[in-house]
Amino acid sequence: MGIFEKRSKPLFLFSSVQNKKIVTCKSCKKKVKKMSAENKPIREIVTPGQVIATDPGLIAGRGAIKEDNGQITSVFVGLKEIRGKYVNVVPLNGLYNPQIGDKVIGRVIAKTPVKFLLDINAKFLGILKPSDAFKRPHQNRGYPKSMGTYRLPRENDMDKLKMGDQIICKILSGSRTEEPALTSLGQELGLITEGLVIAISPTKIPRVIGKKGSMIALLKNLLHCKIFVAQNGRIWIHGRNPENERLLIEVIYKIEREAHTTGLTDRVKAYILKEKKIRGIK
Amino acid sequence: MMDINEVVSNLEKNYILKLLKQGKRIDGRGLFEYRDVKIKTGFIPKAEGSADVFLGDTRVMCGVKYDIGTPFSDNPDKGVCTVMSEYLPIASPMFEPGRPDEVAIQLARVVDRGIRHTNCIDYKKLCIKEGEYVYILFVDCYMMDYFGNLTDASAIAAIAALLNTNLPGAKLNEEGVPEWDGTYSPLTIYEIPLSISFGKVGNVIFVDPNLSEEMVLDGSIAFAVDEKKQVTSIQKYGNATWSVEEILDTSKKAIEIADELRAKLNLRQHVPQPK
Amino acid sequence: MPILVPEPHDEICFREDGKRLDGRAVDELRPFSCEVGVIKNAQGSALVRHGGNLIYAAIYGPREVHPRHLARPDKGILRVYYRMATFSVHERKSPAPNRRENEISKVIREALEPVLFLEAYPDSQIEIYIEVIAADGGTRCASTTAASLALADAGIPMKSMVVGVAAGKAQGRVLLDLGDKEDKVGQADIPCVVVMKDKSISLLQFDGEMSLEEMKTGFEYVLKGAEIIYQKQLEALREKYNKITREAEIEDSAVGNLPQNEQKSINESQNAQDSLQNTSQIDEQMKVQNEKQEINNDHKAEPSPLMENSSAINESQKEVEKGEVEEKSKDEKSSEENIIKSSEQSANSTDDSPKQGENQSSQEEQQLNTENDSPSGDDQE
């Protein structure tokens, strides 16, 4: 699952976009506006044990179970959605379930002689081995290949990360019963050295990203800041000044709070404009 | 909500430090700005007095119960007031169930000293029979939600609960054993002590640290201030060292802030009507 | 030396008009109200007011088991801590947990275990902390009601809500929901916890004297009372979100008044450069994105919560990962640069969107494979 398909898709490249800047931006803006303005049906909030479907043709999807009598019941407090044959319940609160390939922000909370243990807001700690955390200098440099692989000493690797350091990682492997293995090698990954990491409920993360990234784009545009939304409910932010960051944090909490409502993008936009005016933030 | 973990994030620490050096706080307050305080009293029917205090998002509940016991031999004509605290595990993922640890005991003792050394309660009125029967007041502070500065919140909760207390009156019967005389009356409280805590990071001092600040600060100091504008007790926590000037300056600030807070809270409104 | 004021206990539980002392009919509940999300630090929390009871419950977890030896490899463990505040009862209770509290913790745990999917959390624990701030009879029932609410609020999968309510007998009459006084005077007390889905009983204690006929009436009352409490539970769970929705609607109506020119000015702000970049990125994503995704996917349905553990895949992933690192980030020397760069590229928004599409396309296969693939650990069997 995961990584192969993701790689096979054309990777977005920064340079290629700059060429079609003006043409695309107009159409995009329209699309964004249209999306947020369209009236979404208000989805019903269901509760654990509630019968959400009795039609025998339907299949219990995520967050739902099928009873012996054919009724489908919810296991969460969440929003019911029927997609094709599947009845799903999207939980409104919950813990983060690690998925292979997810990008998460972890915090080093323990070290052993050979690995770092990272709190990734899941029920298990993530394991980051130095070999997955630091790029090796080129091996064999200056030696003929026949001399075999020359391994550089790595004893100081464990000192490169301190307790309490926050790292953007990707989940390499793991299962329900196994601690997830992480890597911090790769694009966008690595140690965070500036800004701030805030935490929200992981179930609200899709809303902070918004449909096709609309919310994140809105925040970046209006508040001139850098944001990285990790799947485990942590968000790295770095703004121009503390006032901007402060407003951004408040807005993110507002999105978290109102994640189940409709018309969120418009409301957030209006809120940011209003607050910027009040606080005199450019 | 910041991530709560025993291991402090270096990023957060640097960020808070950077802001403090500019005279700013992570929640937008000024260095010497106190969070909002909300108080609800008298909501526990079986407690003699009760208070539910919100200091920002920090929440402390306090209940007063009494017992009749023998006085200490050095104060045979005085009642006893004991403050205890419980760090309930519901309040934070960092708190664990079990006996109160040294942090909880320290907090209880700091609040206790604040009340004791201001002479706020008329202990002599708590004596039923000298040397034999006195009221023993138990002030139990329960931490309900931990978002920093439990000391100040507990001090407010404790004094509000004591003010809210309606104690049954006692008389001695023929056998010389105390008996209910059918009345209830509030405690006689002369002074309202308040605790004001300051945090210190580097050489920046600020009042009322919130949770994320409390996680990263080097040390803090709590002053109990009475209504006569006197500092009655000080407790220094943490590893930071304080110069004499800093302590004196901070004391002055504590007195100012306590005065302001006392006027704003108007704690005497929570005194119950005698029955 | 005990407290001066004796606890009032009359031998009489009924008024002259046949009603109970607080004016209730025999099958009537005490006033009940509940609320969720009352403790901000907790994963989930609830407050229950039932008669004079005031009970808080909070959930932490699932998290690592401490001490480690309690962990079970096949299922998660549930730990319930039922505690009474020292000031919750007439005579001050010692702060240390006593035998009664430990017993009630156990029966509450056993009442909740049947509705949870503990198999889905091996090697971890869910902690429920229950704090009785004011007690007025029937605390174990009200505590279970609160715990059930808190679990639902925390987003822990449950088969059903549970409701605790007691029946009993006083002065020869079967009563629903005994108060403190009736409990002390009465002849019998049956605290029950009802699993609302199938109306089965998951906590049952009984002490006293009661005929089977009376017991039957008692259970009828319990089921009737449980239904009322259940409706209030559901209302509380929905109200947490409906309240926000209502506030949002009010805010929305205010937004309509926003002057149009103000919105324009933002679009043409001096920082248009940034916005151009960002928005154009979105457009790019759209193209990249799977066209199938017509359906509103705002709340991205969580992919199957269980990670597939195939070592072959993991290894090959690693290889791909490393190979790519070599190629792409040769010039990225410091991690700081790395991060700045990543953020400029609006990393996650680009990252997320293809993923959503992928979920969408592969969803059907996924679900066919694991037909009942809920996080409930059904696939355990």
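1. Leu126(B) is buried, at a relative accessible area of 3%; buried means under 20% relative accessible area, exposed over 50%, and partly exposed in between, with a 1.4 Å probe and protein chains only. The model is a predicted one, in which local features need pLDDT of at least 70 and side-chain atom pairs count only at pLDDT 80 or more, while totals for chains, interfaces and linings use all residues. Residues are numbered from 1 along each chain as its sequence is written, chains are lettered from A and ligands numbered from 1 in the order in which they are written, and side-chain values use heavy atoms, with hydrogens and water left out.

2. Where is Leu126(B) in the chain? Leu126(B) sits in the loop between H2 and E5 of chain B. Helices (H or I, at least four residues) and strands (E, at least two) are DSSP runs, numbered from the N terminus. Leu126(B) touches Gly79(B), Ile121(B), Val134(B), Tyr135(B), Leu137(B), Leu167(B) and Leu187(B), leaving out residues up to four places away in sequence; contact means heavy atoms within 4.5 Å. Gly79(B) and Leu126(B) are 47 residues apart along the chain, and their C-alpha atoms are separated by 4.7 Å.

3. Asn119(B) is also found in the loop between helix H2 (102–117) and strand E5 (127–129) of chain B. Its phi is near 55°, a positive value in a residue other than glycine. Most residues other than glycine have a negative phi, and most peptide bonds are trans.

4. Chain C has cis peptide bonds to look at. One joins Gly61(C) and Pro62(C), with omega about 5°, and Pro62(C) is in strand E3 (residues 53–64) of chain C. A cis peptide bond also joins His66(C) and Pro67(C), with omega about 0°. Pro67(C) lies in the loop between E3 and strand E4 (77–84) of chain C.

5. Which residues have the most contacts inside the largest nonpolar core? They are Ile128(C), Ile130(C) and Leu151(C), in a core of 75 residues. A nonpolar core is a set of buried Ala, Val, Leu, Ile, Met, Phe, Trp, Tyr and Cys residues joined through side-chain atoms within 4.5 Å. Helix H4 (residues 212–255) of chain C gives the most to this core, with 10 residues. Apart from this core lies another, of 68 residues, among them Tyr34(B), Leu150(B), Ala157(B) and Ala158(B).

6. Leu151(C) can be followed in detail. Beyond its neighbours within four places in sequence, Leu151(C) is in contact with Ile59(C), Leu112(C), Leu116(C), Ile126(C), Ile128(C), Ile156(C) and Met158(C).

7. Chain A contains eight helices and 16 strands. Of its 282 residues, 62% count as buried. Among contacts in chain A with a separation of 6 or more, 61% are between residues 24 or more positions apart.

8. Is H6(A) enclosed or open? H6(A) is largely enclosed by the rest of the structure, because 10 of its 10 residues are buried. The buried residues of H6(A) include Ser214(A), Lys220(A) and Asn221(A). H6(A) is followed by His224(A), whose phi is positive, near 50°. His224(A) lies in the loop between helix H6 (214–223) and strand E15 (225–229) of chain A, and at 10% relative accessibility His224(A) counts as buried.

9. H6(A) packs against helix H7 (residues 242–257) of chain A at an angle of about 155°, with their axes 11 Å apart. Axes are lines fitted to C-alpha atoms, for helices over the stretch in contact, and angles run from 0 to 180 degrees between N-to-C directions. H6(A) and H7(A) are therefore roughly antiparallel; angles under 35 degrees count as roughly parallel, over 145 as roughly antiparallel, 65 to 115 as roughly perpendicular and the rest as oblique. Met215(A), Leu219(A) and Leu223(A) of H6(A) meet residues of H7(A) including Leu247(A), Val251(A) and Ile255(A). By class, this contact of H6(A) with H7(A) has eight nonpolar, one polar and no charged residues. Ala, Val, Leu, Ile, Met, Phe, Trp, Tyr, Cys and Pro count as nonpolar, Asp, Glu, Lys and Arg as charged, and the others, Gly among them, as polar.

10. H6(A) also packs against helix H8 (residues 264–279) of chain A, at an angle of about 15° and with the axes 11 Å apart. That makes H6(A) roughly parallel to H8(A). The residues of the contact of H6(A) with H8(A) divide into nine nonpolar, one polar and two charged.
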